[in-house]
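Please read them with the sequence and the coordinates open.

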Amino acid sequence: MADVADTVSIDDVSAELKQHKDDFDAKIAATSTVAEVESLRVEYLGKKGPINKVMSYMRLLPNEDKPKLGSVVNAIKSELETVINGKKDEMEFVEIEKQMETEGIDVTMPGITSSDRVGRRHPLSMTMEKAVDIFLELGYDTVTECAESPEIETDYYCFEALNCPKDHPARDMQDTFYLTEDMGSLLRTHTSAVQIRQLSKREPPLRIVSPGRVYRKDDIDATHSMIFHQIEILALDEKGKLNLGHLKGTIEHFLREMFGPEIKVRFRGSYFPFTEPSMEVDVYFRGKWLEVLGCGMVDPNVIKMAGLDPDKISGFAAGFGVERFAMVIHGINDIREFYKNDVRFLDQFPSFYDEGLTSLMNGEVGRDPDGNIAERVPAAKKEQTQKKKKQQPAAPSGDIDVSKLDIRVGVITKAWMHEEADKLFCEEIDIGEEEGPRKIASGLRAHYN
């Protein structure tokens, strides 16, 4: 309608909305499942749906009709939402009835228990733990306490202190759930708010990593969820001690620890309101470039809002979604699988991230139905054929002088399959040294059966 006329009237808009309503009524009458109703909701009430698009006619309406547009659109929205909610309730009841008829359970049958299948750690927990551990080894402090990392935040910590005033367009990208009428209290959209809280209590230099759950008002589909997890880092020091080179080195080290030492990394210029300059980071993984995180040097306005002098203090920050990393690493194509708690899905993963996760990423090891580490399976063909290693000459025979050997006694704290060798395990052994446990390769494979 708006493409063929310079102006439209409120009656024209109402007529178009009525046509959409008639089409909607015909389609929803034909739905028979909750999934079909939800798909119809997204089609008509989603951000790109015809109801929201009608708001674009605002510029074409006469001045006296412009105030009426919102009320007309909201009335149709409310009517459609009422119909959708009622249809969903009806379909959910029908589906439950069908499920009860087809999935009857004989409660008199004895239960089946197995100590080997009492549970398994979630892939999101393992991905988050591995990422945080990498930064802990670099000297970062973890911030997870409820008082320091609340999921219910104020507008100031979540937006204003991060260079996003109330009229900033970047807020549209992080539409969230407000809890009060004045929109002063909300569910946080990122863990960046933790950084601002820390700056109000701690003086630089500081290095922190803040994992946690965040919320955004997204339509749920295979790649979006209203609830997900995020990890952010912040490093601040005297101006001149941290620069873009330090940021890139930190990110490259982190990604190689996560995806393997041979991973290719590239940086692209981008925009975030709280960093300047800002960059998006991609990795070349399984044959294609994938965007995995955002980062940049902390914007001077953010430092100033925290009560610090941007002429004396500078640093960098980075953040990424845990679900995104887990989906890339494990080849998961639907984010909703993480939240179903389906044991068939969870049984595919190791119990701990250091128990074969890297090998699992490369398709080199698997698990048998009882959850035990299985034998190595054929890996996918690599891009370049590795050269065969030369055989080492055998050690000369003869008696060994034990008095000349440096023998230590320690405790094996971790063990996992070697990534490059069939018959070796990696071990972490604590022998009481101040530097911490040593990591070695061991041939005692049979010991871990």
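1. Which residues of H2 are buried? In this predicted model, they are Val 34, Val 37, Leu 40, Tyr 44 and Leu 45. They lie on the same side of H2, because they cover an arc of only 120° around the axis. The buried residues of H2 pack against helix H1 (10-29), helix H3 (50-53) and helix H4 (66-102). Helix H2 itself, residues 34-45, has twelve residues and reaches 16 Å from its first C-alpha to its last, close to the 16 Å expected at 1.5 Å a residue.

2. Helix H8 (residues 244-259) can be read in a similar manner. Its 16 residues should span 22 Å at 1.5 Å a residue, and its end C-alpha atoms are 22 Å apart, which agrees. The buried residues in H8 are Leu 247, Thr 250, Ile 251, Phe 254, Leu 255, Met 258 and Phe 259. Seen down the axis of H8, these buried residues fall within an arc of 140°, so they line one face of the helix.

3. As to the chain as a whole, the protein chain has twelve helices and twelve strands, and buried residues make up 41% of its 449 residues. Of the contacts in the protein chain with a separation of 6 or more, 60% are accounted for by residues 24 or more positions apart.

4. Seven strands form an open sheet with mixed pairing, in the order S1-S4-S5-S9-S8-S7-S6. Its edge strands are strand S1 (141-142) and strand S6 (264-272), each of which pairs on one side only. Helix H5 (residues 123-137) packs on this sheet, where it touches S1, strand S4 (206-215), strand S5 (227-238) and strand S9 (313-321), and its direction makes about 5° with that of S5.

5. Strand S5 deserves a separate look, since ten of its twelve residues are buried. S4 and S5 run antiparallel and are joined by ten bridges, with Leu 206 standing opposite Leu 236 in S5. S5 also pairs with S9 in the antiparallel sense, over nine bridges, and here Ile 231 stands opposite Phe 320 in S9.

6. Elsewhere in the sheet, nine bridges join strand S7 (residues 275-285) to strand S8 (residues 288-298), and these two strands run antiparallel. Ser 278 stands opposite Gly 296 in S8. Strand S7 also holds Pro 277, which is joined to Glu 276 by a cis peptide bond with omega of about 0°.

7. A cis peptide bond with omega of about 5° joins Pro 204 and Pro 205, and Pro 205 has its place in the loop between helix H7 (192-199) and S4. Asn 341, although not a glycine, has a positive phi of about 55°; Asn 341 sits in the loop between helix H10 (322-330) and helix H11 (343-346) and is exposed, with a relative accessible area of 59%.

8. On confidence, the protein chain averages a pLDDT of 78, and 79% of the residues score at least 70. Over residues 363-398, pLDDT stays under 50, and for this stretch the model has 43 contacts beyond four places in sequence.

Note on methods. Residues are numbered from 1 along each chain as its sequence is written. This is a predicted model: local features need pLDDT of at least 70, side-chain atom pairs count only at pLDDT 80 or more; totals for chains, interfaces and linings use all residues. Side-chain values use heavy atoms; hydrogens and water are left out. Two strands pair if DSSP finds at least two bridges between them. Helices (H or I, at least four residues) and strands (E, at least two) are DSSP runs, numbered from the N terminus. Contact means heavy atoms within 4.5 Å. Axes are lines fitted to C-alpha atoms, for helices over the stretch in contact, and angles run from 0 to 180 degrees between N-to-C directions. pLDDT is the predictor's confidence in each residue, from 0 to 100. Buried means under 20% relative accessible area, exposed over 50%, partly exposed in between (1.4 Å probe, protein chains only). The expected span of a helix is 1.5 Å times one less than its number of residues. The arc is that of the directions from the helix axis to the C-beta atoms.
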